[in-house]
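Have a look at the picture, try each task yourself, then read the solution.

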Amino acid sequence: MKSRLDTRVLVLLSLIVGIGAVLHIFAPPIVNGMKPDMLLIMMFLGIILFPKFQYVMLLSLVTGAIAALTTGLPGGQIANLIDKPLTALVAFGIVIAAGKFTNKKVLAAGVTLIGTLISGGIFLFVAVNIIGLVEGSFMIMYATIVLPTAAFNTVAMTVIYPIVEKISKRSRIATA
(Lines give C-alpha, C1' and ligand atoms only; values in the text may rest on other atoms or scores of the structure.)
Protein backbone atom coordinates (compact mmCIF):
# COMPACT_ATOMS: atom_id res chain seq x y z
CA MET A 1 0.00 0.00 0.00
CA LYS A 2 1.42 3.32 -1.06
CA SER A 3 1.38 6.15 1.46
CA ARG A 4 0.47 9.56 0.06
CA LEU A 5 0.76 13.00 1.53
CA ASP A 6 -2.45 15.01 1.60
CA THR A 7 -2.06 18.43 -0.03
CA ARG A 8 -4.45 20.03 2.47
CA VAL A 9 -2.34 18.78 5.37
CA LEU A 10 0.84 20.03 3.71
CA VAL A 11 -0.72 23.47 3.26
CA LEU A 12 -1.81 23.57 6.91
CA LEU A 13 1.64 22.44 8.07
CA SER A 14 3.18 25.16 5.88
CA LEU A 15 0.96 27.75 7.54
CA ILE A 16 1.91 26.46 10.99
CA VAL A 17 5.62 26.60 10.13
CA GLY A 18 5.22 30.07 8.59
CA ILE A 19 3.53 31.38 11.72
CA GLY A 20 6.24 29.72 13.81
CA ALA A 21 8.96 31.35 11.71
CA VAL A 22 7.48 34.81 12.18
CA LEU A 23 7.08 34.26 15.93
CA HIS A 24 10.61 32.83 16.09
CA ILE A 25 12.15 35.82 14.35
CA PHE A 26 10.28 38.42 16.41
CA ALA A 27 10.36 36.70 19.82
CA PRO A 28 12.09 38.91 22.38
CA PRO A 29 15.26 37.59 24.02
CA ILE A 30 14.86 36.18 27.53
CA VAL A 31 18.44 35.72 28.77
CA ASN A 32 21.66 37.23 27.38
CA GLY A 33 20.15 37.64 23.93
CA MET A 34 18.91 34.04 23.76
CA LYS A 35 15.36 33.76 22.42
CA PRO A 36 12.74 31.07 23.05
CA ASP A 37 12.29 28.70 20.12
CA MET A 38 8.81 29.55 18.89
CA LEU A 39 9.24 27.24 15.91
CA LEU A 40 9.40 24.36 18.34
CA ILE A 41 5.89 25.09 19.64
CA MET A 42 4.55 25.04 16.10
CA MET A 43 6.43 21.85 15.28
CA PHE A 44 4.79 20.15 18.27
CA LEU A 45 1.41 21.54 17.23
CA GLY A 46 1.85 20.05 13.74
CA ILE A 47 2.89 16.68 15.21
CA ILE A 48 -0.16 16.61 17.50
CA LEU A 49 -2.57 17.62 14.74
CA PHE A 50 -1.11 15.31 12.08
CA PRO A 51 0.66 12.37 13.77
CA LYS A 52 1.87 10.57 10.67
CA PHE A 53 5.54 9.68 10.26
CA GLN A 54 5.95 11.31 6.83
CA TYR A 55 4.45 14.57 8.04
CA VAL A 56 6.51 14.53 11.23
CA MET A 57 9.80 14.04 9.37
CA LEU A 58 9.01 16.66 6.74
CA LEU A 59 7.88 19.09 9.42
CA SER A 60 11.01 18.51 11.51
CA LEU A 61 13.38 18.97 8.57
CA VAL A 62 11.68 22.19 7.44
CA THR A 63 11.51 23.51 11.00
CA GLY A 64 15.18 22.65 11.54
CA ALA A 65 16.18 24.40 8.32
CA ILE A 66 14.22 27.56 9.16
CA ALA A 67 15.57 27.59 12.71
CA ALA A 68 19.09 27.14 11.30
CA LEU A 69 18.60 30.08 8.94
CA THR A 70 17.29 32.35 11.69
CA THR A 71 19.53 31.42 14.62
CA GLY A 72 21.73 34.05 16.19
CA LEU A 73 24.06 31.54 17.82
CA PRO A 74 27.32 30.80 16.02
CA GLY A 75 27.18 27.12 15.10
CA GLY A 76 23.49 27.01 15.90
CA GLN A 77 22.79 25.99 12.32
CA ILE A 78 24.25 22.52 12.85
CA ALA A 79 22.64 22.18 16.27
CA ASN A 80 19.18 23.04 14.87
CA LEU A 81 19.50 20.60 11.99
CA ILE A 82 20.33 17.80 14.45
CA ASP A 83 18.00 18.73 17.28
CA LYS A 84 14.69 19.23 15.44
CA PRO A 85 14.42 15.79 13.74
CA LEU A 86 15.50 13.94 16.90
CA THR A 87 13.09 15.91 19.06
CA ALA A 88 10.28 15.41 16.54
CA LEU A 89 10.76 11.64 16.68
CA VAL A 90 10.51 11.67 20.48
CA ALA A 91 7.42 13.92 20.36
CA PHE A 92 5.87 11.67 17.71
CA GLY A 93 6.51 8.64 19.92
CA ILE A 94 4.84 10.35 22.87
CA VAL A 95 1.84 11.37 20.77
CA ILE A 96 1.43 7.84 19.41
CA ALA A 97 1.91 6.19 22.83
CA ALA A 98 -0.18 8.56 24.92
CA GLY A 99 -2.53 10.05 22.35
CA LYS A 100 -5.34 7.54 22.84
CA PHE A 101 -5.15 7.58 26.63
CA THR A 102 -5.04 11.25 27.49
CA ASN A 103 -6.87 14.50 26.86
CA LYS A 104 -5.48 16.34 23.80
CA LYS A 105 -4.90 19.55 25.78
CA VAL A 106 -2.90 17.67 28.42
CA LEU A 107 -1.04 15.82 25.65
CA ALA A 108 -0.18 19.11 23.93
CA ALA A 109 1.21 20.60 27.14
CA GLY A 110 3.11 17.43 28.05
CA VAL A 111 4.64 16.99 24.59
CA THR A 112 5.66 20.64 24.58
CA LEU A 113 7.27 20.48 28.03
CA ILE A 114 9.12 17.21 27.46
CA GLY A 115 9.96 18.07 23.86
CA THR A 116 11.38 21.48 24.74
CA LEU A 117 13.54 19.98 27.49
CA ILE A 118 14.85 17.35 25.08
CA SER A 119 15.30 19.81 22.23
CA GLY A 120 17.20 22.24 24.42
CA GLY A 121 19.39 19.45 25.76
CA ILE A 122 20.26 18.18 22.28
CA PHE A 123 20.84 21.71 20.99
CA LEU A 124 23.16 22.60 23.87
CA PHE A 125 24.97 19.25 23.74
CA VAL A 126 25.74 19.80 20.06
CA ALA A 127 26.68 23.45 20.62
CA VAL A 128 28.93 22.73 23.60
CA ASN A 129 30.45 19.34 22.79
CA ILE A 130 30.51 19.11 19.01
CA ILE A 131 30.83 22.73 17.94
CA GLY A 132 32.82 23.71 21.03
CA LEU A 133 30.75 26.71 22.00
CA VAL A 134 31.34 28.04 25.53
CA GLU A 135 32.88 24.93 27.04
CA GLY A 136 31.78 23.83 30.49
CA SER A 137 28.58 25.85 30.48
CA PHE A 138 26.02 23.17 29.56
CA MET A 139 24.30 23.05 32.96
CA ILE A 140 24.27 26.81 33.40
CA MET A 141 22.82 27.35 29.93
CA TYR A 142 20.31 24.52 30.42
CA ALA A 143 19.11 26.00 33.71
CA THR A 144 18.99 29.62 32.55
CA ILE A 145 17.74 29.17 28.98
CA VAL A 146 16.15 25.75 28.43
CA LEU A 147 14.13 25.54 31.65
CA PRO A 148 12.54 29.00 31.27
CA THR A 149 11.93 28.30 27.58
CA ALA A 150 10.24 24.98 28.44
CA ALA A 151 7.96 26.76 30.90
CA PHE A 152 7.21 29.53 28.38
CA ASN A 153 6.55 27.07 25.54
CA THR A 154 4.25 24.95 27.71
CA VAL A 155 2.17 27.96 28.76
CA ALA A 156 2.08 29.19 25.16
CA MET A 157 0.88 25.78 23.94
CA THR A 158 -1.87 25.69 26.58
CA VAL A 159 -3.13 28.95 25.05
CA ILE A 160 -2.53 28.12 21.37
CA TYR A 161 -3.79 24.52 21.23
CA PRO A 162 -7.40 25.16 22.35
CA ILE A 163 -7.66 27.99 19.81
CA VAL A 164 -6.37 25.80 16.99
CA GLU A 165 -8.58 22.93 18.14
CA LYS A 166 -11.68 25.16 18.07
CA ILE A 167 -10.79 26.56 14.64
CA SER A 168 -10.20 23.09 13.22
CA LYS A 169 -13.55 21.85 14.55
CA ARG A 170 -15.44 24.82 13.16
CA SER A 171 -13.79 24.61 9.76
CA ARG A 172 -13.91 20.81 9.72
CA ILE A 173 -10.22 20.48 9.03
CA ALA A 174 -9.54 16.77 9.01
CA THR A 175 -6.55 15.57 10.94
CA ALA A 176 -4.48 12.73 9.60
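Helices (H or I, at least four residues) and strands (E, at least two) are DSSP runs, numbered from the N terminus. Keep in mind that this is a predicted model, where local features need pLDDT of at least 70, side-chain atom pairs count only at pLDDT 80 or more, and totals for chains, interfaces and linings use all residues. Residues are numbered from 1 along each chain as its sequence is written, and side-chain values use heavy atoms, with hydrogens and water left out.

**Exercise 1.** Work out how much of residues 9-27 is helix and how far apart the end C-alpha atoms lie.

Solution. Start with the record: an unreviewed UniProt entry lists residues 9-27, 106-134 and 140-164 under "transmembrane region". UniProt positions are given in the numbering used here, feature names are shortened, and annotations may be inferred rather than shown by experiment. Next, check the model: residues 9-27 are 95% helix and 0% strand, with 26 Å between the end C-alpha atoms. For residues 140-164, that distance is 35 Å, and the span is 100% helix and 0% strand.

**Exercise 2.** Decide whether His 24 is buried or exposed, and find what it touches.

Solution. First, locate His 24: it sits in helix α1 (residues 7-26). Then look at its relative accessibility, which is 9%, so His 24 is buried (under 20% relative accessible area; exposed is over 50%, partly exposed in between, with a 1.4 Å probe and protein chains only). Last, list its contacts (heavy atoms within 4.5 Å): leaving out residues up to four places away in sequence, His 24 touches Lys 35, Pro 36, Asp 37, Met 38, Leu 39, Ala 67 and Thr 70.

**Exercise 3.** Say how many aromatic pairs the structure holds, and describe the one formed by Phe 53 and Phe 92.

Solution. There are three aromatic pairs. Rings of Phe, Tyr and Trp (its six-membered ring) pair if their centres lie within 6.5 Å; planes under 30 degrees apart count as stacked, over 60 as edge-to-face and the rest as tilted. Phe 53 and Phe 92 are 6.3 Å apart centre to centre with 55° between the planes, a tilted pair. Phe 53 belongs to helix α3 (residues 53-70) and Phe 92 to helix α4 (residues 76-98), so this pair ties together parts 39 residues apart in sequence. Finally, compare their accessible areas: Phe 53 is partly exposed at 44%, while Phe 92 is buried at 15%.
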